[in-house]
Amino acid sequence: MLARLRPYLPTALLALLIVYFAFHAFTGDRGLLTSNQRDEALIAKTRELAQVQRQRQDLETRARLLRDTSLSADLLEERARSLLGFADPRDYVIRMKP
């Protein structure tokens with residue numbers, strides 16, 4: 001019986017190998033059926049990147065205003081009050097829970 005099946009073994013192994021790779025091409029981490037998940041993750045990461053870029057631009061603007069060459073008195077006063085916890089007697093203070 002083994003002698004009769006021996007010529008078909010390489011063909012069977014090759015067929016199993018093809019089935020294995022085809023299965024993983026469809027259902028693997030980077031398979032065809034997971035493209036929607038990848039697209040959603042890409043959209044979420046793109047939004048996150050845009051938000052981080054806006055935050056960075058804001059921080060760069062604030063840092064530029066705090067340099068010696070272009071010091072903004074308003075921004076310096078705001079930062080000093082925020083860090084030291086002081087307020088001007090003419091200011092209205094609204095306490096909020098963190």
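Author: From the N terminus on, the elements of the protein run α-α-α-α. This is a predicted model, where local features need pLDDT of at least 70, side-chain atom pairs need pLDDT 80 or more, and totals for chains, interfaces and linings use all residues. Residues are numbered from 1 along each chain as its sequence is written, and side-chain values use heavy atoms, without hydrogens and water.

Reader: How many helices and strands are there, and what makes a run count as one?

Author: There are four helices and zero strands. Both are DSSP runs, numbered from the N terminus: helices are H or I with at least four residues, strands are E with at least two.

Reader: Why is the protein called more spread out than a compact globule?

Author: Its radius of gyration is 32 Å. That radius is taken over C-alpha atoms, and the globule rule is 2.2 Å times the number of residues to the power 0.38. For 98 residues the rule gives 13 Å, and 32 Å is well over that, so the protein is more spread out than a compact globule. The C-alpha trace spans about 100 × 35 × 20 Å along its principal axes.

Reader: What makes T34 buried?

Author: Buried means under 20% relative accessible area, exposed over 50%, and partly exposed in between (1.4 Å probe, protein chains only). T34 has 14%, so T34 is buried. Of the 98 residues, 5% count as buried. T34 sits in the loop between α2 (9–27) and α3 (35–65).

Reader: How do you know that the side chain of T34 has a polar contact with G31?

Author: A polar atom of that side chain lies 3.0 Å from the backbone oxygen of G31. A polar contact is a pair of N or O atoms within 3.5 Å; within protein, one must be able to donate a hydrogen and the other to accept it, and residues adjacent in sequence count only if both atoms are side-chain atoms.

Reader: Why is the pair of Y20 and F21 called edge-to-face?

Author: Rings of Phe, Tyr and Trp (its six-membered ring) pair if their centres lie within 6.5 Å; planes under 30 degrees apart are stacked, over 60 edge-to-face, the rest tilted. A search of the whole structure finds one aromatic pair. The ring centres of Y20 and F21 are 5.4 Å apart and their planes stand at 75 degrees, so the pair is edge-to-face.

Reader: Are Y20 and F21 buried, partly exposed or exposed?

Author: Y20 has 47% relative accessibility, so Y20 is partly exposed. F21 has 52%, so F21 is exposed.
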